[in-house]
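Look over the sequence and the fold first, then read on.

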Amino acid sequence: MIEREQVLHVARLSRLKLSEEEVAALEHELSSILDHVDRLTEIDVEGVEPTSHVVPLENVLRDDLPRPSLDRDRALEGAPDPHDGAFRVPSPQAEA
Amino acid sequence: MAEHELLAATATETAGLIADGVVSSDECLNAWLDRAAEDRLNGYLWKADRAAAMRGVDPDSGAPGAGVPVAVKDIFCTTGVPTTAGSRILEGYIPPYTSTALSRLSASGMPMIGKTNMDEFAMGSSNENSAYGPVLNPWDHGRVPGGSSGGSAAVVAGRLAPWALGTDTGGSIRQPAALCGIVGLKPTYGAISRYGMIAFASSLDQCGPLTRDVTDAALMLSRLQGRDEMDSTSVGIEGGVELPSAVDLNGLRFGIPADLIGEGLEAGVRKVFEQTTAAIERLGGSIESIALPHSDHGISAYYVLAPAEASTNLARYDGVRYGMRESEDDLVSMYEETRGAGFGPEVKRRIMLGTYALSSGYYEAYYGRAQRVRTMIVRDFDKAFGQVDFVVTPTSPTVAFGLGEKTGDPWTMYLNDLYTVPMSLAGIPAISIPAGTAGPAGGGPELPVGFQIAAPAFAEQSLLEAAFALEREIGFEQEPQEVER
């Protein structure tokens, strides 16, 4: 069961601004999804290794050589507020 | 050659007509651009003109498939072409580079005729999560085409493109292929580079072909597969891929996972599935019952793992480097308002679910446990493939459902991927081929039913051979209303 406070906490962690309606809907929907997902606790996973990658690969390496990368101006082309060769963002501190 | 004959040909046949000089690559491109312009399905988010379609392409190179235009899911970054992943947050975004998969098709001489509609960031099974409106099923405009590669499936089934490129994370190629009556192949994880493919769940995402028949799927796969220095998880398929030619299934063993095929399966879909297993036996294959005891937990594990990976992958959409920005107050408000306004409801739901599953105090209970269950599903398949050559299931438990029919409850929508998710978790290749038609549970005209065949990792060639032989035996010939008009 997910409560309103948890929804707000996770929304903060996710950097998502939610409307009141969205918070109410998510409280209900996340609880319902997690009820189903909780069936996973029926399985005995003692001693089973977690899978993070399905193809057996190890140490995929290449020579560490300098080579051309994305041009700075092109990288900035899609930015909402490029400035002086950089990405400009609002101040990290809220105005007092 | 009359235009309707050209549009009726498969991609492989069309490539042959171009190579033999029966049709010029120019005529072919014009015919398909005209056809794409008639899209009434909302299948395309962007359509090329001649110049854009031909950029960097030599249609007369003689490479396999050269000159046959291709439609591409709008999740593949394309230099100079808007790429949205079906999201408002990337509206107007024009990538400065092109994905490896699309570059490979271009290098094979295939013009790109358009970018296809999709569920936002590939999250969905009905295409109703696109910020740019749903795609309509060419068989019945009141029904969904499936998702998330719904646009790619609909334009191929509706003959608005010869073939298309899609992506599959938990069924997003196979399920829409089934619901639209075409072929969809999800290759082994690692068969094709993911470079430039907008990430959803990186341990599961894999691109592949949506095509009119199995031969076309083999042809496109042969051009796509291979190791790419830009994706260190790509390994390619050893020995490459050839066009299939098998005429029977003698001595091959097909396993039906009894645990998985139970409730929720529509009667019409079950009937077509049984007819298809009978066709396998007529071709000399044997049908056996196998156990995949943990596969019915696949959806639960998937809906922890995929949202967890998505929540981290989608952290990059923050209003700083690309896409839209809302608010200029302080930095955190800018992040929160941009993401709040830019993402749709399903994407927000999955970011929230994934963040919760990864958050302090819940990590081991959800993410850790789901990863262990994934291992058990992988082992189940390993064991099954010690007994049989292939695993077969229906692709989807139902035929195409009505627009809006399943949007009320997320879990009901998630269950569409019941049969496709286990293969994704195991990383193994699986193909859906059209196997017949069935009436929907609530009554109505017949709709296509898909049959899924899965094989061990990197066994694409034997998978394609089996699918090819079975496709011929089934002889699926029906066309959607979009084509007959």
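Where is the place of B:Ser148 in chain B? B:Ser148 is in the loop between β3 (112-116) and α6 (150-157) of chain B; helices (H or I, at least four residues) and strands (E, at least two) are DSSP runs, numbered from the N terminus. This is a predicted model, in which local features need pLDDT of at least 70 and side-chain atom pairs count only at pLDDT 80 or more, while totals for chains, interfaces and linings use all residues. Residues are numbered from 1 along each chain as its sequence is written, chains are lettered from A and ligands numbered from 1 in the order in which they are written, and side-chain values use heavy atoms, with hydrogens and water left out.

**Interface of chains A and B**

- Chain A puts 55 residues in contact with 62 residues of chain B; contact means heavy atoms within 4.5 Å.
- The size of an interface is often given as the accessible area lost when the parts come together.
- Here the buried area is about 5,200 Å², and carbon and sulfur atoms give 68% of that area. Buried area is the accessible area (1.4 Å probe) that two parts lose on being put together, summed over both.
- Between chain A and chain B, 20 residue pairs are in polar contact (both at pLDDT 80 or more). A polar contact is a pair of N or O atoms within 3.5 Å; within protein, one must be able to donate a hydrogen and the other to accept it, and residues adjacent in sequence count only if both atoms are side-chain atoms.
- On the side of chain A that touches chain B, α1 (4-13) and α2 (20-37) of chain A each supply at least two residues. α2(A) gives the most, with nine residues.
- That side of chain A divides into 29 nonpolar, eleven polar and 15 charged residues. Ala, Val, Leu, Ile, Met, Phe, Trp, Tyr, Cys and Pro count as nonpolar, Asp, Glu, Lys and Arg as charged, and the others, Gly among them, as polar.
- A:Ser14 is found in the loop between α1 and α2 of chain A. Leaving aside neighbours within four places in sequence, A:Ser14 is in contact with B:Arg339, B:Ile351, B:Met352 and B:Thr355.
- A:Ser14 is buried, with a relative accessible area of 6%. Buried means under 20% relative accessible area, exposed over 50%, partly exposed in between (1.4 Å probe, protein chains only).

**Salt bridges**

- The whole structure has 23 salt bridges over all chains. A salt bridge is a side-chain nitrogen of Lys or Arg within 4 Å of a carboxyl oxygen of Asp or Glu.
- Five salt bridges cross the interface of chain A and chain B. One of them links B:Arg349 with A:Glu29, the closest N and O atoms being 2.8 Å apart.
- B:Glu346 forms a salt bridge with B:Arg350 at 2.7 Å between the closest N and O atoms. Both lie in helix α12 (residues 345-358) of chain B, four residues apart, about one turn of the helix.
- B:Glu346 is buried at 7% relative accessible area, and B:Arg350 is buried at 3%.
- The side chains of B:Glu364 and B:Arg372 meet in a salt bridge (2.9 Å, N to O). B:Glu364 is partly exposed at 47%, and B:Arg372 is partly exposed at 21%.
- Shared partners join A:Glu29, B:Glu346, B:Arg349 and B:Arg350 into one salt-bridge network.

**Nonpolar cores**

- The largest nonpolar core has 144 residues, and B:Phe121, B:Ile431 and B:Ile453 touch the most other members. A nonpolar core is a set of buried Ala, Val, Leu, Ile, Met, Phe, Trp, Tyr and Cys residues joined through side-chain atoms within 4.5 Å.
- Helix α13 (residues 363-387) of chain B gives this core its largest share, ten residues.
- A second, separate core of 33 residues includes B:Val23, B:Ala31, B:Ala36 and B:Ala48.

**Backbone and loop details**

- A cis peptide bond joins B:Gly147 and B:Ser148, with omega about 5°.
- B:Phe121 is not a glycine, yet has a positive phi of about 50°. B:Phe121 is found in the loop between β3 and α6 of chain B and is buried at 1%.
- B:Ala85 has a positive phi of about 55° although it is not a glycine. B:Ala85 lies in the loop between β2 (70-73) and α5 (100-107) of chain B and is buried at 0%.
- B:Asp49 sits in the loop between β1 (44-47) and α4 (50-54) of chain B. A polar atom of the B:Asp49 side chain lies 2.8 Å from the backbone nitrogen of B:Ala52.
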